[in-house]
Amino acid sequence: MTATLIDGIGLLATQDPGLGEIAWAALLVEGDRVAWVGRSADAPPADARVDAVGRCVVPGFVDSHAHLVFAGDRAAEFAARMSGQPYGAGGIRTTVDATRAASDEELGARAARLVTEMLRQGTTTVEIKSGYGLTVRDEARSLAVARMLTEETTFLGAHVVPPELADDPAAYVALVTGPMLEACASHARWVDAFCERGAFDADQARAVLEAGAARGLGMRLHANQLGPGPGVQLACELGAASADHCTHLSDADVEALASSRTVATLLPGAEFSTRSPYPEARRLLDSGVTVALATDCNPGSSYTSSMPFCLALAVREMHMTPAEALWASTAGGAAALRRDDVGVLRPGARADLVVLDAPSYVHLAYRPGVPLVAAVWRAGRPVV
Ligand code: NIG
Ligand code: FE
């Protein structure tokens, strides 16, 4: 196995609590893993050496919430919103029509393009949801497409009730928890539902998550995005890995998150793109809640694939410190996916890292919109 030393790292932000941030650091890659990290002066011998010329190195971003399998475009809906139209969950149906009409090849090519776009911006792990098919066939093929691109796939048949069953939501929940789950479970690691007024109520979301869990899927939940509701407390009660959005929270919601293992995944791209108030990250962090950041990349509410953009929003608009925002974008995302092999640079972790064209990760927020990703390594190999 070849050992490659990445040397001359001006600042290595490991995200490991014991290792912390190391100035003038080096990192040894062996195979697909990190073999050693420490001060450059203490570096072990290696077969090859790469000079980071004083740049900052951070773990590859872990984008734990994205909807990448879709067709169509909703730019007109965005433009209308910027002129004052409100965002509503109903727009999802526009994408459902386009997705159903698209071939497997088109869906696969479009999702792959987005994954490549993410990789260029430093994302080395991405979760991909279904949810724009809403028939047994279209959900199953959406997940088959997702499975070719990531191991973190999520069955979101319970995104909205499709128009053909609008009069009979109970029948749709029965379809999701029965034949659709049956067809999708083998392609999915997770089950999710959109628990929101206009989508699914707490009983329906519970039925979907419990059915998925009975098939061996982990649970996550879209909760409290557009208004207050029961989603966050349901996610915590069920022991879901993550409650996502968390924009409208009561004190009891914050307490439930703080006393559970459920990560609060904040998606500021959605508030940016729907011109809505941002989630209260400080309130969550100061209460001891584990916070992750993710893009929510989707054609309706947040068509960004950029973790650096979300991190900058979190710092500027949600009062997270740059260090908190970096942790939430890497180790926090990993926690939301119940992973300890990514989102951190320590011996044994997967060698997924980003070399920033900057002396410090603070520049990710300080220089928003600037392409600072100089190189990306995934599983021990340079990919960008
Ligand atoms: O996470 N909240 C539900 N689903 C997506 C939006 C989907 C859409 O508008 O197409 C979200 O924001
Ligand atoms: Fe989402």
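Helices (H or I, at least four residues) and strands (E, at least two) are DSSP runs, numbered from the N terminus. This is a predicted model: local features need pLDDT of at least 70, side-chain atom pairs count only at pLDDT 80 or more, and totals for chains, interfaces and linings use all residues. Residues are numbered from 1 along each chain as its sequence is written, and chains are lettered from A and ligands numbered from 1 in the order in which they are written.

**View 1. Helix α7 and what covers it.** Helix α7 spans residues 231–238. Gly239 follows α7 and has a positive phi, near 75°. A residue is buried if 20 or more other C-beta atoms lie within 10 Å of its own, exposed if 12 or fewer, and partly exposed in between; C-beta atoms are placed from the backbone. Six of the eight α7 residues are buried, so the helix is largely enclosed by the rest of the structure. The buried residues are Gly231, Val232, Gln233, Leu234, Ala235 and Cys236. Their cover includes β9 (190–195), α6 (202–214), β10 (218–223), β11 (242–245) and α8 (251–258). Contact here means that the C-beta atoms of two residues, placed from the backbone, lie within 7 Å.

View 2. Strand β14 covers residues 353–356. Leu353 and Val355 point one way, Val354 and Leu356 the other, and all are buried. Two strands pair if DSSP finds at least two bridges between them. Strand β5 (residues 56–59) pairs with β14 in the antiparallel sense over four bridges. In that pairing, Pro59 stands opposite Leu353. Strand β15 (residues 373–378) also pairs with β14, antiparallel and over four bridges. There, Leu353 stands opposite Trp377.

**View 3. Arg378 in strand β15.** Arg378 lies in β15. It counts as buried because it has 20 C-beta neighbours inside 10 Å. Leaving aside residues up to four places away in sequence, Arg378 touches Gly60, Thr124, Asp352 and Val383. Arg378 and Ala351 are 27 residues apart along the chain, yet their C-alpha atoms are separated by 6.0 Å.

**View 4. Where the two domains meet.** Domain bounds come from an automatic or database domain assignment. Domain 1 takes in 3–60 + 343–382, and domain 2 takes in 61–336. Their centres, taken over C-alpha atoms, are 30 Å apart. In all, 18 residues of domain 1 are in contact with 22 residues of domain 2. On the domain 1 side, β5, α14 (363–366) and β15 each supply at least two residues. The largest share, three residues, comes from β15. By class, this side has 13 nonpolar, three polar and two charged residues. Ala, Val, Leu, Ile, Met, Phe, Trp, Tyr, Cys and Pro count as nonpolar, Asp, Glu, Lys and Arg as charged, and the others, Gly among them, as polar.

**View 5. The shell around ligand 1.** Ligand 1 is surrounded by 14 residues. A residue is near a molecule if its C-beta atom, placed from the backbone, lies within 6 Å of it. The closest are Ile92, Phe194, Asn298, Gly300 and Ser301. The shell has four nonpolar, nine polar and one charged residues.

**View 6. The whole chain, for orientation.** The chain has 14 helices and 16 strands. Its radius of gyration is 20 Å, close to the 21 Å that the globule rule gives for 384 residues, so the chain is as compact as a globular protein of that length. That radius is taken over C-alpha atoms, and the rule is 2.2 Å times the number of residues to the power 0.38. Buried residues make up 55% of the 384.
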